[in-house]
Protein chains: 2
Amino acid sequence: MHVAIIGAAGFLGRKLTTALLARGQLRGAALSQLTLADVVAPDTPNGATIPVQCETTDIATPEDIARAIPSGVDVVFHLAAIVSGQAEAEFDTGLRVNLAGPLNIFQRCRALGTTPMVVYASSVAVYGGDMPTPIEDLTILNPQTSYGAQKAIGELLLTDFSRKGFLDGRGLRLPTVTIRPGKPNKAASSFMSSIFREPLQGQPANCPVSPDYPVWLSAPRNTVHNLLHAAELEAAELGTDRCLGLPGMTATIGEMVEAMRRVAGDEPVSRITWERDPELERIVLGWKAHFSPNRARRLGFVEDRNFEDNVRWFLEDDIER
Amino acid sequence: MHVAIIGAAGFLGRKLTTALLARGQLRGAALSQLTLADVVAPDTPNGATIPVQCETTDIATPEDIARAIPSGVDVVFHLAAIVSGQAEAEFDTGLRVNLAGPLNIFQRCRALGTTPMVVYASSVAVYGGDMPTPIEDLTILNPQTSYGAQKAIGELLLTDFSRKGFLDGRGLRLPTVTIRPGKPNKAASSFMSSIFREPLQGQPANCPVSPDYPVWLSAPRNTVHNLLHAAELEAAELGTDRCLGLPGMTATIGEMVEAMRRVAGDEPVSRITWERDPELERIVLGWKAHFSPNRARRLGFVEDRNFEDNVRWFLEDDIER
């Protein structure tokens, strides 16, 4: 079982790498080789007992993708993207990485001729605009950011390449994944992690939206579990649409902050400042927070039960002191 | 008012050209110039009293598109596409013309810097798969052909380019347009015209599906009316999704044949043969036939009332004897 991870240097890619190496198998076959690719060279994981190849990859360049997905690859996890804030600010970069990128990856898989599996990270950002809530499985995608539009385009390509038998695609609309470890990034959702991560690590952080703002979220642990679960499903279980919304939980920023207080006390909460950012609010207020992901639930994907667990898992897995 | 029509040599493009020249204005401004572009050079229309420029254009080539959409263009109608049967048989040609094509056109409009209007012909083929019927305005797009997937991608790009202010897009999901004049083409829907057109013109034609097969259809007259109506709407009327399903009518092939009998007698009906084509049926049985296009109705788009009118209009407008 040779697995390639595109976007392996990101926090989800690193957690997925760790989880794959720990379980040692996928779809009942022993993990035999790992290819890790990202725009910056991924670190070689510690203690790997199988061959791990690390590649520096521009996913919009077909020659790079050929190295990131060498022949013999069985399963590709495609997690790489220009995030929402950057795709909004740099429109052509977004098209290049988030549209040409997946297309290159899918064409490479087609060229292999072996119908490799592709698990594609889409996003809750494919939904937006004037829509009744909750968002149902059959609700039209109506992205209100370029990032969301490009993710939705990747979904359509994934399902069509799958229908043609060029690859075996599974597209997952990830909720906002929080609490992320590491540093803030250019995602408009970045604050949804940093207002917990930084205070828990003794640093200040600003919340640019009202405490009433509701978020559709998923803990990193559950998200990695669901990425692997997608790879374990049989293609027939997905029917005529290879893409689906993942389960999550809805909480307001204020509810999440109170959950952090219950787990970690008053001090981290006191480190949060509350200065609104209208431009950022314009982006994130277009995102949806209420969903009925019944299809994913039926297929056995897991969901967050409370934000306290999310805070505890951050303290167990990720905190940098 | 300078109007460009991409796909002007096709039957809808020619009818749209005729209708535009006949009305002489759009959005209250006198028509001053027409640029007609297609993969084969469009004919110069008879009796035009304004300048008409005809261009041979590969829409996947940016330099060609710059000539097809010269600076000063106010409104672009984009009707050009590789049709469903061909996009299924020639996957890469489909991606080139139906994905890169619209993207080039939208980027050209953006480069003009004047936010030109773009009326984009999408298709009922964006719907498909395991969906409850009727299809509602907010039902997810789930194309089951490459043509449909590529049209849906064009819709997402159109709405995103509009949201960014690069152009003023209006995307219309056309029902099957029948009865088309001219010759059969590689569209899987081609028979839905030829089984009426050929018999009405004294020729035989084969129906490759059962008479029970239902079609979501629109007459050429109503379709051209709706393309022009889309250009007359205010952008704000379209809200956060620039694309919508057009009204149509549902009829089975058998009902359509009986309507032709009522208008034109038994003889044309006797010229139809009924040999099934399983590969073609596989494509068209994936298409949906029952819709509730309430949004388009509220916006004043028109719909067919009966197929007898459709037959009469063909006899008035298009029959070649």
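Trainee: A residue counts as buried if 20 or more other C-beta atoms, placed from the backbone, lie within 10 Å of its own, exposed if 12 or fewer do, and partly exposed in between. So is H229(A) buried, exposed or partly exposed?

Mentor: H229(A) is partly exposed, because 19 other C-beta atoms lie within 10 Å. Bear in mind that this is a predicted model: local features need pLDDT of at least 70, side-chain atom pairs count only at pLDDT 80 or more, and totals for chains, interfaces and linings use all residues. Residues are numbered from 1 along each chain as its sequence is written, and chains are lettered from A and ligands numbered from 1 in the order in which they are written.

Trainee: Where does H229(A) lie, and what does it touch?

Mentor: You'll find H229(A) in helix α7 (residues 220-232) of chain A; helices (H or I, at least four residues) and strands (E, at least two) are DSSP runs numbered from the N terminus. Leaving out residues up to four places away in sequence, H229(A) touches G300(A) and F301(A), where contact means C-beta atoms, placed from the backbone, within 7 Å. As for Q86(A), 143 residues apart from H229(A) along the chain, the two C-alpha atoms are separated by 30 Å.

Trainee: Switching to sheets: what's the strand order in the one with β14 of chain A?

Mentor: That open sheet has three strands, ordered β10-β12-β14 (chain A), with mixed pairing; strands pair if DSSP finds at least two bridges between them. β10 (176-177) and β14 (249-252) of chain A are the edge strands with a single partner each, so one side of each has no neighbour in the sheet.

Trainee: How many bridges join β12 to β14(A)?

Mentor: Four, joining β12 (residues 214-218) of chain A to β14(A), and the two run antiparallel. In β14(A), M249(A) is the bridge partner of L217(A). Helix α8 (residues 253-264) of chain A packs on the sheet, touching β12 and β14 of chain A, and its direction makes about 90° with that of β14(A). For that angle, axes are lines fitted to C-alpha atoms, for helices over the stretch in contact, with angles from 0 to 180 degrees between N-to-C directions.

Trainee: And the dimer: how many residues of chain B contact chain A?

Mentor: 24 residues of chain B are in contact with 24 of chain A. Helix α5 (residues 146-163) of chain B gives the largest share of chain B's side, eight residues.

Trainee: What rotation superposes chain B on chain A?

Mentor: 180°, with 0.0 Å of shift along the axis and an RMSD of 0.0 Å, by least squares on C-alpha atoms of residues with pLDDT of at least 70 in both. That is the relation of a two-fold axis. In chain B, the C-alpha nearest the axis belongs to I140(B), 1.8 Å from it.

How values were computed:
Contact = placed C-beta atoms within 7 Å.
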